[in-house]
Amino acid sequence: PSVPDTPVEIIVDLLSKAKNVAAARGDVPKELTSYLQKALDIASGLDDYLEKMTTQESQTLKMLIHMSQAKRVLEIGMFTGYGALSMAEGLPEDGCLVACELEPYLKEFAQPIFDKSPHGKKITVKTGSAMDTLKELAAAGEQFDMVFIDADKDNYINYYNFILDNNLLRIQGVICVDNSLFKAKVYLEDTTDRNGLALREFNHFVSNDPRVEQVSVCGHRELTNSDDEVFRGVKGRSILDRMRLEGKVAYVTGAGQGIGRAFAHALGEAGAKVAVVDMEQNKAEAVAKELFLKGINAISIKADISKSEDVQRMIDTIVSKWGALHIACNNAGINMNSASEDTSLEEWDQTFNVNLRGTFMCCQVCFTGCLSQNCVKVCDSGSHRDLPHPQKQLSYNTSKAGVVKLTQTLGTEWIDRGVRVNCISPGIVDTPLIHSESLRPLVQRWLSDIPAGRLAQVTDLQAAVVYLASDASDYMTGHNLVIEGGQSLW
Ligand SMILES: NC(=O)c1ccc[n+]([C@@H]2O[C@H](COP(=O)([O-])OP(=O)(O)OC[C@H]3O[C@@H](n4cnc5c(N)ncnc54)[C@H](O)[C@@H]3O)[C@@H](O)[C@H]2O)c1
Ligand SMILES: C[S@@+](CC[C@H](N)C(=O)[O-])C[C@H]1O[C@@H](n2cnc3c(N)ncnc32)[C@H](O)[C@@H]1O
């Protein structure tokens with residue numbers, strides 16, 4: 001049998017001994033024996049039950065990394081690398097973990113194991129005294145989202161202070177400390193154990209340190225009190241937090257594929273509930289399903305935005321489902337190519353009915369239907385080709401120029417009602433729209449026109465839609481945000 005180590009194991013050991021003593025005597029009241037047995041059942045079942053209900057021991061560290069969304073981790077005290085690897089498993093592809101280890105032989109032991117794992121490349125082991133490594137990291141201006149302190153206990157307090165004094169932990173970062181209860185020795189009156197006393201002193205110091213908020217074993221770096229919004233963040237929210245869309249309801253038209261699909265994913269990833277709207281039901285459903293798989297609250301709506309009854313039904317469906325609408329992303333658009341002299345009035349009308357009239361109807365119905373929310377963000381899809389361009393698409397170009405003008409007009413007319421209207425004008429985006437027979441020959445020509453040397457990917461536009469949809473862009477309205485790799489500059 002193993003030597004009792006954790007406070008629970010020690011309690012189980014003591015209760016078992018007490019139960020044996022009680023059983024050996026004939027005069028112990030039944031009530032006391034029953035209490036002892038109940039206490040023993042509860043304490044002795046705990047670790048076993050937790051182990052059975054937990055996937056693997058290593059998952060705890062991995063889960064901490066997930067929960068804190070850390071990308072850069074510092075581990076002080078690596079040993080065999082077991083903890084380092086499980087944390088690396090929780091890191092994103094571009095995440096990194098620096099592990100400090102005194103003993104070079106432990107690096108030799110762990111490195112081949114790291115090399116075999118797909119996550120091992122995220123780990124860099126620095127051997128030698130952890131304090132020397134911390135000094136080196138601080139001199140290089142390194143910063144971490146999470147620090148795991150698990151080396152020599154005497155030095156916990158020095159590591160902790162050095163980390164905070166030298167900004168090795170970013171604001172809102174987390175320090176995680178192993179062994180902070182140390183076999184209950186941190187709170188037992190008669191503790192003489194050196195490590196127990198060191199940890200007791202450490203816990204006491206951290207619990208009184210105003211630089212951090214503490215939850216038992218973890219410290220969370222806080223900002224000191226300040227009214228300065230630049231320092232503290234607007235309403236205490238950092239710039240990235242201000243771009244979060246939790247609690248917001250959005251729709252994206254034409255979200256069944258291409259740019260709209262990427263917008264729907266981006267808004268959902270930022271926290272919004274998303275209505276995926278497309279005239280093709282199966283496409284809208286497929287994208288809503290993708291979002292749902294990612295844990296995003298999504299619905300699909302079949303609607304043709306050139307039909308007023310569809311637009312009204314779209315807004316009604318969203319408001320009745322989620323009770324509000326905050327972000328209207330009017331992305332649906334069509335493009336038919338023909339030389340101006342060959343452009344039929346039918347083609348002109350069709351293009352304008354979707355691109356300009358449809359976008360206007362969405363804005364208008366959305367405005368009247370959601371005005372009470374008083375904070376609606378509208379993002380329209382323009383095109384940098386509302387500027388003159390050799391491509392033969394008169395009706396498309398003029399309709400998109402109209403979208404920019406619509407955006408400018410609504411953006412100023414409705415601002416006093418708390419509505420911001422902006423549009424994104426992408427350059428040439430690599431989507432099914434440009435893979436048509438007629439456009440394919442132009443791709444080479446475009447490429448030579450684009451300083452960035454490539455077509456835009458739909459992912460190049462995602463941050464812009466989140467920014468325009470968020471509180472961070474409150475001062476922006478009527479703006480045409482052109483994202484074209486510099487194409488309009490040459
Ligand atoms: N692809 C580009 O290079 C590019 C460049 C600048 C601007 N844009 C604009 O971005 C928007 C999206 O472009 P994309 O390349 O992703 O297009 P796409 O053709 O790949 O996708 C458009 C989606 O909109 C849907 N749709 C079309 N008409 C609709 C309507 N009346 N009602 C509802 N849904 C409708 C389609 O079913 C399709 O799923 C368009 O407004 C387009 O003009 C595209
Ligand atoms: C408890 S183990 C770490 C376990 C590891 N964090 C894990 O979860 O798998 C402590 C490690 O700290 C190392 N260590 C002790 N003192 C150190 C120091 N001053 N600098 C760096 N590492 C140290 C020890 O060699 C040992 O490998």
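Colleague: Quick one: is Cys362 buried or exposed?

Modeller: This is a predicted model, and in it Cys362 is buried, with a relative accessible area of 1%.

Colleague: How many disulfides does a search of the whole structure find?

Modeller: The search comes back with 0.

Colleague: What about Cys176, buried or exposed?

Modeller: Cys176 is buried, because its relative accessible area is 6% and the cut-off for buried is under 20%.

Colleague: OK, changing topic. How is the protein chain divided into domains?

Modeller: Domain 1 runs over 7-53, domain 2 over 59-221 and domain 3 over 242-489. Between the C-alpha centres of domain 2 and domain 3 there are 45 Å.

Colleague: Now the ligand. How many residues surround ligand 1?

Modeller: There are 28, and the closest are Asp278, Asn331, Tyr396, Val429 and Thr431. By class, the shell has 14 nonpolar, 10 polar and 4 charged residues. Helices α11 (258-269) and α15 (394-413) each supply at least two residues of that shell.

Colleague: Which atoms of ligand 1 pair up with Asp278 and Val429?

Modeller: Oxygen atoms. One is 2.6 Å from an N or O atom in the Asp278 side chain, and a polar backbone atom of Val429 is 2.7 Å from an oxygen atom of the ligand.

Colleague: How much of ligand 1 does the protein cover?

Modeller: It covers 96% of the 830 Å² of accessible area that ligand 1 has on its own.

Notes
Residues numbered from 1 in each chain as written. Chains lettered and ligands numbered in written order. Predicted model: local features only at pLDDT ≥ 70, side-chain atom pairs only at ≥ 80, totals over all residues. Heavy atoms only, no water. Domains from an automatic or database assignment. Near = heavy atom within 4 Å. Polar contact = N/O pair within 3.5 Å; in protein donor to acceptor, adjacent residues only side chain to side chain. Areas by Shrake-Rupley, 256 points an atom, 1.4 Å probe, with all protein chains shown as cover. Helix = DSSP H or I, 4+ residues; strand = E, 2+ residues; numbered from the N terminus. Nonpolar A, V, L, I, M, F, W, Y, C, P; charged D, E, K, R; others polar. Disulfide = S-S within 2.5 Å. Buried < 20%, exposed > 50% of the residue type's maximum accessible area, 1.4 Å probe, protein only.
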